[in-house]
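Subject: Structure for you to look at

Hello,

Here is the structure I said I would pass on. Please open it next to this email, and my notes follow below.

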Amino acid sequence: MAVDKNIRILVVDDSSAIRRIVTSALKQIGFKNITEAADGALAWEVLQAETIQLILSDYKMPRMSGMELLEKVRESREHRNIPFVMVTAEAQKEAVVEAVQKRVSGYIVKPFKPDDLGRKILKVVS
């Protein structure tokens, strides 16, 4: 099944370099509509202002972590069904289990290949 390459994706990471890497990987696999946010609090503001169809978020960030953003998204009637993928260097089992318990859609550990990201997106958006 093909994924609509025009879906609106929100990339959330406190590192501008990582946001560029993820955005570049998304563009490399054909996605076009990408918005970025530097932390969970800014991402939440974007969610209030725009229609987002997929969230790719780091785990550890200042102000609001990816886990806190995930909780807020899942508690929100308006946003609870948006696929949410953690894209993070946080590979400890406890972090993965916590994310799964909070209903994360997918989990990718950095570094990753664009094809790995594409497969994960296909899995959570299909």
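Is Asp13 buried or exposed? Asp13 is buried, with a relative accessible area of 4%. Buried means under 20% relative accessible area, exposed means over 50%, and partly exposed is in between, all with a 1.4 Å probe and protein chains only.

Before the rest, some notes on the source. This is a predicted model, in which local features need pLDDT of at least 70 and side-chain atom pairs count only at pLDDT 80 or more, while totals for chains, interfaces and linings use all residues. Residues are numbered from 1 along each chain as its sequence is written, and side-chain values use heavy atoms, with hydrogens and water left out.

Salt bridges

Side chains of opposite charge can pair when their charged atoms come close. The structure holds eight salt bridges, a salt bridge being a side-chain nitrogen of Lys or Arg within 4 Å of a carboxyl oxygen of Asp or Glu.

One of them joins Asp13 to Lys110, with the closest N and O atoms 2.9 Å apart. Asp13 lies in the loop between β1 and α1, and Lys110 in the loop between β5 (106–109) and α5, so the pair ties together parts that are 97 residues apart in sequence. Helices (H or I, at least four residues) and strands (E, at least two) are DSSP runs, numbered from the N terminus. Lys110 also counts as buried, at 19% relative accessibility.

Asp58 joins Asp13 and Lys110 in a network of salt bridges. Asp58 sits in the loop between β3 and α3 and counts as buried at 7% relative accessibility. Leaving aside neighbours within four places in sequence, Asp58 is in contact (heavy atoms within 4.5 Å) with residues including Val12, Asp14, Gly66 and Thr88.

Another salt bridge is between Glu50 and Arg8, where the closest N and O atoms are 2.4 Å apart. This pair links distant parts of the chain: Glu50 is in the loop between α2 (40–49) and β3 (54–57), and Arg8 is in strand β1 (residues 8–12), 42 residues apart. Both are partly exposed, Glu50 with a relative accessible area of 31% and Arg8 with 27%.

Nonpolar cores

In soluble globular proteins, nonpolar side chains tend to be buried together. A nonpolar core is a set of buried Ala, Val, Leu, Ile, Met, Phe, Trp, Tyr and Cys residues joined through side-chain atoms within 4.5 Å. The largest one here has 24 residues, and Leu10, Val12, Leu47, Ile55, Leu69, Phe84 and Met86 have the most contacts inside it. Helix α2 gives the most to this core, with five residues. A second, separate core of 19 residues includes Ile9, Val11, Ala25 and Val87.

A pair of helices

The axes of helix α1 (residues 16–28) and helix α5 (residues 114–125) come within 9 Å and cross at roughly 75 degrees. That makes α1 roughly perpendicular to α5. Axes are lines fitted to C-alpha atoms, for helices over the stretch in contact, and angles run from 0 to 180 degrees between N-to-C directions. Angles under 35 degrees count as roughly parallel, over 145 as roughly antiparallel, 65 to 115 as roughly perpendicular and the rest as oblique. On α1 the contact is made by Val22, Ala25, Leu26 and Gln28, and on α5 by Pro114, Leu117 and Ile121.

Regards
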